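Please look through the structure below with an eye to its strands and its aromatic rings. The paragraphs after it lead from one to the other.

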Amino acid sequence: MKKLLLFLIVLSTISTSCNDRDDNLESVNIRVENVSAINFNTVTVGDEALLFENVAADSYSDYQEAVTGFMEDIITVEADSTSYTYKPEIRTDSLPIGLYTYKLSITEEGALEMEFIID
């Protein structure tokens, strides 16, 4: 009896822990990766003004839900009392429900560069 109970506990633990993080999403989820050598005080993304705060150098923010998201969007970074802006040439179609990362870096010339990643 103890073996059966232990087996059922292990089986239920395994089955509940096998969910992917994107199995139960209901919207676009965006996060920011800072690959710069400086800390980002704030990062503002798009028309919805998603606000990510205190994104340390070489780290990720938490995901935030957005009603819509784009492969390229207007991004403003405040870091070390300086403002950096990324403006895409054209806006693409909106993204389907999923997890996405905007990988941000600041060049030596002071330009903000963005790379889009599907997680």
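E8 and E9 form a hairpin with 5 residues between them, and Gly110 in the turn has a positive phi of about 90 degrees. Strand E8 (residues 98-106) and strand E9 (residues 112-118) run antiparallel and are joined by 7 bridges, with Glu115 in E9 as the bridge partner of Lys103. Strands here are DSSP runs of E with at least two residues, numbered from the N terminus, and two of them pair if DSSP finds at least two bridges between them. This is a predicted model, in which local features need pLDDT of at least 70 and side-chain atom pairs count only at pLDDT 80 or more, while totals for chains, interfaces and linings use all residues. Residues are numbered from 1 along each chain as its sequence is written, and side-chain values use heavy atoms, with hydrogens and water left out.

Across this hairpin, which aromatic rings pair? Rings of Phe, Tyr and Trp (its six-membered ring) pair if their centres lie within 6.5 Å, and planes under 30 degrees apart count as stacked, over 60 as edge-to-face and the rest as tilted. By this rule there are 2 aromatic pairs. The ring centres of Tyr100 and Phe116 are 5.5 Å apart and their planes stand at 25 degrees, so this pair is stacked. Tyr102 and Phe116 have ring centres 6.2 Å apart and planes at 50 degrees, so their pair is tilted.

Tyr100 and Phe116 are both buried, a term for under 20% relative accessible area, with exposed over 50% and partly exposed in between (1.4 Å probe, protein chains only). Tyr102 also counts as buried, at 1% relative accessibility.

Definitions and conventions. Helices (H or I, at least four residues) and strands (E, at least two) are DSSP runs, numbered from the N terminus.
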